[in-house]
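Visitor: I am new to reading protein models. Could you walk me through a few features, one at a time?

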Amino acid sequence: MAILSSPETALLATISCCRELQHAPFPRSCKALPFPSLPLSKLGVSCSNCSSPVLEEQSGALPSTQFDLQVRDSLQGPTTDSESFNRFLRGLLEAPETEKLAYEYYEKAKESPNFEPEKSTLGSLARYLIREKKWDLIGGLSNDFKAYNVFPDRVTCARLVSNCIEARKFRVVDVMLEVLGPNREAGLLAFDAALQGYNKLHMYSSTIVVHEQIKSIGVAPDPGCYYRVMAAHMKIGDVAKVVELFREFESRRFGATSFSTRIFSVVCESLCKSRRAFEALECFKKMKDNGIAVDTKIYTLLISSFASIGEIKGAEKLFEEASKENVLLRDPDMFLKLVLMYIEEGLLEKTFQVIEAMQGMNVKVSDCILCAIVNGFSKKRGSRAAVRVYENLISQGCEPGQVTYASVINAYCRVGLYSRAEAVFSEMETKGYDKCVVAYSSMVAMYGKSGKTREAMKLVAKMKARGCKLNVWVYNTLMEIHGRAKNLRQVDKIWKEMKRKKVAPDKVSYTSLIAAYNRAREFETCIKFYEEFRANGGLIDRAMGGIMVGVFSKSSRIEELIRLLQDMKSEGTELDERLYGSALNALRDAGLLVQARWFQKSFSIA
């Protein structure tokens with residue numbers, strides 16, 4: 001073989017001639033050559049058309065073991081050129097077909113005490129491992145950073161951290177942060193990438209742990225770090241920590257930064273969510289005084305917060321201020337809170353001003369807001385007022401949704417406008433809201449009250465055909481309808497279906513059921529269901545008490561009657577005139593004068 005000046009030259013000469021060797025008529029064994037042909041410009045090696053030592057071998061091939069020995073020997077001689085070998089590795093890493101080979105030779109080179117990777121070499125290796133998603137190898141490479149005290153550029157370090165978090169390789173992240181932390185150049189950006197990555201995955205406790213790690217190694221957080229850890233504390237509801245970090249941020253006097261608006265927004269949002277509206281307002285004023293750009297979201301948060309605590313003047317002042325500054329307030333939740341504030345304070349007419357403001361800003365009046373107004377008028381001024389308000393809002397171009405339809409149908413039923421309720425229900429179905437159980441319940445109850453049993457049953461059949469599950473209200477109405485008709489067969493069928501469908505009966509269910517059997521004078525069945533009701537923890541109200549006083553009186557069960565009256569007394573149930581008279585007459589008719597006097601002393605007419 002030709003004698004070369006050094007092991008490094010031998011290695012590089014061997015590599016540089018690989019391109020020429022591919023054109024030689026090699027025997028079959030030469031195809032096992034472990035090194036592919038490469039453009040020499042990528043290897044950083046020049047070729048002087050040297051004669052190939054391989055061609056001088058009788059076998060016509062260079063075994064892979066011999067090539068590996070040349071690589072190792074080239075790094076152990078007294079004239080080791082680590083810079084050339086680093087350049088050689090980077091050349092391999094530039095071609096996708098040789099990246100894996102480059103990493104293998106890097107691993108072999110680490111066995112040499114004379115090898116020291118360069119910053120750019122480690123960066124190229126890191127980017128290769130990221131592309132190939134070799135997370136375990138990235139952990140080993142991170143340890144090499146520490147062993148050689150050589151680190152890739154700060155952007156590559158941050159990419160390593162963020163990609164590992166995205167891949168959920170959190171143990172590898174812990175290793176990298178431990179290695180990169182003491183490095184002032186790469187550490188801070190890597191920590192920032194970890195904070196950002198954990199927040200993105202909603203792993204806020206991990207974000208806080210990373211922040212504590214930053215503090216423990218003495219790295220001063222930058223504004224970006226402050227923003228991310230403050231956001232994490234806000235998400236877990238630790239408002240005190242958000243305020244503490246904000247004060248720390250202010251004490252460092254960063255001045256206006258790209259994160260200033262976001263940092264102030266986090267503080268304001270945290271204070272607003274904890275109903276500390278006035279403190280949030282002070283922070284907002286400070287933000288404006290410092291010339292920091294105001295985010296529209298802050299106005300929305302402040303107005304919502306003042307509305308939530310019933311501070312009408314504060315909410316209205318902020319709303320006017322935002323309008324003067326041409327700030328577009330388009331958050332439906334904020335308008336809903338304003339509506340709820342006015343309803344709670346009894347200023348129902350002002351809800352119309354909110355509707356006008358929304359329409360002026362081209363903000364769609366949501367179904368929730370319409371429903372809140374209709375229900376507010378119904379609660380404060382009755383169902384007739386609610387019906388008038390609904391019709392007024394519809395005339396102004398507001399479009400009701402399923403929730404509003406259900407509320408207004410109930411209002412129409414309460415005031416006895418059954419034909420109007422049917423028309424609105426038909427309109428609701430036409431718009432595709434054909435599975436609203438609440439609306440069906442109101443309609444079934446309406447048909448029951450008006451004695452239209454056939455229509456009620458048809459509607460129930462339609463519910464089942466459309467896949468709607470009957471709720472306890474529907475079952476109660478059906479039992480009441482059939483109970484009034486003394487159709488005990490249907491009552492029993494409905495009760496059993498209710499149990500089979502695992503719909504839990506409430507107090508009204510038992511009252512309707514017992515009342516049905518009471519009308520048919522089946523007192524033993526009444527007592528059976530009453531005992532079941534009491535065993536399930538049911539409390540006696542005036543309706544249940546009235547029925548059972550009649551049952552016990554008619555069946556001459558005086559002891560049970562006295563026990564019932566004692567239970568009603570202990571549970572604070574008041575008696576109306578009819579119920580009072582029935583109980584007193586039952587005791588007198590049984591000749592229980594002492595018990596009658598106790599009853600008169602213990603109860604009064606409500």
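Predicted model: local features only at pLDDT ≥ 70, side-chain atom pairs only at ≥ 80, totals over all residues.

Visitor: Where is S553 placed?

Guide: You will find S553 in helix α31, which covers residues 542–554.

Visitor: Is S553 buried, partly exposed or exposed?

Guide: S553 has a relative accessibility of 25%, so it counts as partly exposed.

Visitor: What does the side chain of S553 do?

Guide: A polar atom of that side chain lies 2.6 Å from the backbone oxygen of V549. Here is a general idea that helps with helices: an α-helix has 3.6 residues a turn, so residues three or four places apart point the same way.

Visitor: How far is S553 from N585?

Guide: Their C-alpha atoms are separated by 9.1 Å, while the two residues are 32 residues apart along the chain.

Visitor: How many residues of α13 are buried?

Guide: Twelve of the 13, so this helix is mostly covered. Among the buried ones are P223, C225, Y227, V229 and M234.

Visitor: What do the buried residues of α13 pack against?

Guide: They pack against four helices: α11 (184–200), α12 (204–216), α14 (239–251) and α15 (260–273). After α13 comes G237, with a positive phi near 80 degrees.

Visitor: Can we repeat the exercise on another helix, α18? What span should α18 have?

Guide: With 13 residues (312–324) at 1.5 Å a residue, α18 should span 18 Å; the distance between its end C-alpha atoms is 18 Å, in agreement. Its buried residues are I312, G314, A315, L318, F319 and A322. Those residues pack against α16 (277–289), α17 (296–308), α19 (332–344) and α20 (350–360). N326 follows α18 and has a positive phi, near 55 degrees.

Visitor: Which other residues have a positive phi without being glycine?

Guide: R168 is one of them, with phi near 65 degrees, and it sits in the loop between α9 (154–166) and α10 (170–180). K486 is another, at about 55 degrees. K486 lies in the loop between α27 (472–484) and α28 (488–500), and its relative accessibility of 52% makes it exposed.

Visitor: Next, the aromatic rings. How many aromatic pairs are there in the whole structure?

Guide: A search finds 23. One of them joins F249 and F254, whose rings are stacked, with 5.4 Å from centre to centre and 20 degrees between the planes. The word stacked applies here because the planes are under 30 degrees apart. F249 is buried at 6% relative accessible area, whereas F254 is partly exposed at 28%. Elsewhere, F85, F88, Y103, Y106, F115 and Y148 form one aromatic cluster.

Visitor: Which charged ends sit over a ring?

Guide: Two examples: the charged end of R262 sits over the ring of Y227, 5.3 Å from its centre, and the charged end of K528 sits over the ring of F529, 4.7 Å from the centre of that ring.

Visitor: And disulfides? How many does the count give?

Guide: A disulfide is a covalent bond between the sulfur atoms of two cysteines. Here the count comes to zero. Take C371: the closest cysteine sulfur, in C368, is 7.2 Å from its own sulfur, too far for a bond. The cut-off is 2.5 Å. C371 is buried, with a relative accessible area of 8%, and C413 also counts as buried, at 11%.

Notes:
Residues numbered from 1 in each chain as written. Heavy atoms only, no water. Helix = DSSP H or I, 4+ residues; strand = E, 2+ residues; numbered from the N terminus. Buried < 20%, exposed > 50% of the residue type's maximum accessible area, 1.4 Å probe, protein only. Polar contact = N/O pair within 3.5 Å; in protein donor to acceptor, adjacent residues only side chain to side chain. Contact = heavy atoms within 4.5 Å. Phe/Tyr/Trp six-rings, centres within 6.5 Å; stacked < 30°, edge-to-face > 60°. Lys NZ or Arg CZ within 6 Å of the ring centre and 35° of its normal. Expected span 1.5 Å × (residues − 1).
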